[in-house]
Amino acid sequence: MERWSYISLLFVALLFGSTQQLRSAEGAFRLRLNCKAAIECGAISKGDTIAIKGFTWGELSTAPLSYGIVKGRSIILTLQNAKCGEYVVELRKRAGGRVRNVMEFFVSDAESHREERYAISYKNDAFYAQALEGAAENGLLAELNASIRDFSAGIIGNKEAKEALDSIYSKALASDSSALFTSLCRLSLDNRCRSVRYIRSVLPLEDPRVLYTNFVKSSVESYLKSLERNSTEALTFIAEDLVQSAHSTLKPYIALQIFNLFKEAEIMGQEAVAVEIAKRYLLNDKSGGIEEMLGYETYFGIMAFVQMNEHSLIGMQAPQIELPDSLGCLHSIPECGEGADEASPFLQLFYFYTSNCSSCRATTPLLAELLQRYSGIPIKIYAIFTGSSRGEWMSECAKFSLIKNPLVERIDLWDPEVESNFPLLYGVISTPQMLLTTDKGIIVGRRLTPKSLEQLLEAINEN
């Protein structure tokens, strides 16, 4: 297959295979479905429910926008005040079982979009919709879905699938360049869609209609994930560009999507993107509109994440805290090393842990073993116990006594009253947590595991 690989077809299938919907201006929209063929083969039965659902930035509505009970071979569904967007038609069997996707359709111009008619058939464990009357884009969408399903079922091969998709794309570009279906084609059917630069150029973020679609959110996420190997600074710039270029109604949704994508980023340090985007576009709204849109629980969660992480991001000066050791002597950490000998650098490792945490019980011996065999720049480890029992703390301290490495200095610390405010300053909402700084207290690693710590130490020592 020259242009359309199996993976390309799967990508398009994911966009359409399970759920979709749309919305725009005011006016009733009527959908007439002739289900005779599907009823005759038993795929649809009397008493089954057929419903229309819509999207709000990729999230399918839980409640149907319109529904009807199958009584004869045809069913009419009416959307009052239909909006531009992307819609999915679902079947729920009277006898129960999984909800099935029957068809999808777009509404690109609600003023002229009033009624559509389709014939619904069933074969190869999938529903097929044949457009009888309505918008040209939905006739092409029905063709696209049919081609995808035929390919998945092995009815057509790569060559036939390529020809079908090329034909559909050409027809879409020739019919209506402003149609939402045409935007989808540009993002998934163009042979340049593997190019990050091309995808960015055709993301229709200035179009308020795409708020009520699924495919644009999916494309934004794919675009961002394709760039995840860039630096945090570059990703922050890219993320801001997406939000800034979007229509005002889309900005908070895109900002929230970026926040959710990067708050638990697999690549160390990228949570800084989530913090920056949240501060600029989600928590800086004095009107209260974003808090209302998100709901208090989500809004509070974003605010808590920012407050727990904004002080200890990579490249920052680690917050200064004072903690007592087992003798009650206070230690101010990290050492900032203003008078440190440049020829004798050292590293500082913060390890927040407790005794009643299964992850800690697994991590502590791995960390001790790593530090025992470590060779490189000297390390000071601040083993900070976050539990409330002194007896348990003393027991945990003994586990580190196995470290006899002259390059490793261990200091056991405990702040049962949390007077240092370390949970907020270092984002310790769960344990274990590890953070590495230079001798001047500059953070070079956070949210570390023993494995990622070892890799980071190797990289530092190689340089």
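## A first look around

Guide: Let's start at I377, which touches P345, F346, L347, I460 and N461, leaving aside residues up to four places away in sequence. Keep in mind that this is a predicted model.

Visitor: OK, where is I377 found?

Guide: I377 is in the loop between α13 (358-373) and β14 (379-385).

Visitor: And how exposed does I377 count as?

Guide: Partly exposed, because its relative accessibility is 21% and buried would mean under 20%.

Visitor: What separation do the C-alpha atoms of I377 and I411 have?

Guide: They are separated by 17 Å, and the two residues are 34 apart along the chain.

Visitor: You mentioned F346. What lies over the face of its ring?

Guide: That's K380, at 4.9 Å from the ring centre of F346. There's also K123, whose charged end sits over the ring of Y128, 4.8 Å from the centre.

Visitor: Speaking of rings, how many aromatic pairs are there?

Guide: The count comes to 17 aromatic pairs. One of them is F259 with F305, an edge-to-face pair with 5.3 Å centre to centre and 90° between the planes. This pair links distant parts of the chain, with F259 in helix α9 and F305 in helix α12, 46 residues apart.

Visitor: Are F259 and F305 buried or exposed?

Guide: Both F259 and F305 are buried. Another pair is F352 with Y426, which is tilted: 5.8 Å centre to centre and 40° between the planes. F352 is in strand β13 (residues 347-353) and Y426 in helix α15 (residues 422-426), so this pair also links distant parts of the chain, 74 residues apart.

Visitor: Why do F352 and Y426 count as buried?

Guide: F352 is buried because its relative accessible area is 1%, and Y426 is buried because its value is 5%; the cut-off is under 20%.

Visitor: Which residues are in the aromatic cluster with F352 and Y426?

Guide: F350, F352, Y382, F422 and Y426 form one aromatic cluster.

Visitor: Which element gives the most to the lining of the largest pocket?

Guide: Helix α10 does, with five residues.

Visitor: Tell me about α10, then. How many residues does it have?

Guide: Helix α10 covers residues 271-282, which is 12 residues. From its first C-alpha to its last it reaches 15 Å, close to the 16 Å expected at 1.5 Å a residue.

Visitor: Why is α10 called largely enclosed?

Guide: Nine of its 12 residues are buried, so α10 is largely enclosed by the rest of the structure. Among the buried ones are E271, A272, V273 and Y281.

Visitor: And what covers the buried residues of α10?

Guide: The cover includes α8 (232-245), α9 (251-262), α11 (289-294), α12 (296-309) and β17 (443-446).

Visitor: How many cavities does a search of the whole structure find?

Guide: The search finds two cavities of 30 Å³ or more. The largest cavity has a volume of about 50 Å³. M103, E104, Y128, A129, A142, N145, A146 and R149 line the largest cavity.

Visitor: Which element gives the most to that lining?

Guide: That's α3, with four residues. Helix α3 has 13 of its 17 residues buried, so α3 is largely enclosed by the rest of the structure. Its end C-alpha atoms are 25 Å apart, which agrees with the 24 Å its 17 residues should span at 1.5 Å a residue.

Visitor: What comes just after α3?

Guide: Just after α3, G154 takes a positive phi of about 80°.

Visitor: Which residue other than glycine has a positive phi?

Guide: R447 is one of them, with phi near 50°. R447 is found in the loop between β17 and α16 (450-462). Another is D125, at about 60°, in the loop between β9 (115-123) and β10.

Visitor: Last topic: where is there a cis peptide bond?

Guide: The bond from I333 to P334 is cis, with omega near -5°, and P334 lies in the loop between β12 (330-333) and β13. The bond from T431 to P432 is cis too, with omega near 0°.

Definitions and conventions
Residues are numbered from 1 along each chain as its sequence is written. This is a predicted model: local features need pLDDT of at least 70, side-chain atom pairs count only at pLDDT 80 or more; totals for chains, interfaces and linings use all residues. Side-chain values use heavy atoms; hydrogens and water are left out. Helices (H or I, at least four residues) and strands (E, at least two) are DSSP runs, numbered from the N terminus. The expected span of a helix is 1.5 Å times one less than its number of residues. Buried means under 20% relative accessible area, exposed over 50%, partly exposed in between (1.4 Å probe, protein chains only). Contact means heavy atoms within 4.5 Å. Rings of Phe, Tyr and Trp (its six-membered ring) pair if their centres lie within 6.5 Å; planes under 30 degrees apart count as stacked, over 60 as edge-to-face and the rest as tilted. A charge sits over a ring if NZ of Lys or CZ of Arg is within 6 Å of the ring centre and within 35 degrees of the ring normal. On a 1 Å grid over the protein atoms alone, a cavity is a set of points where a 1.4 Å probe fits but cannot get out, and a pocket is an open set with protein on both sides within 12 Å along at least five of seven lines; lining residues have an atom within 4 Å of a point. Grid points are joined across faces, edges and corners, and a volume is the space filled by probe spheres set on the points.
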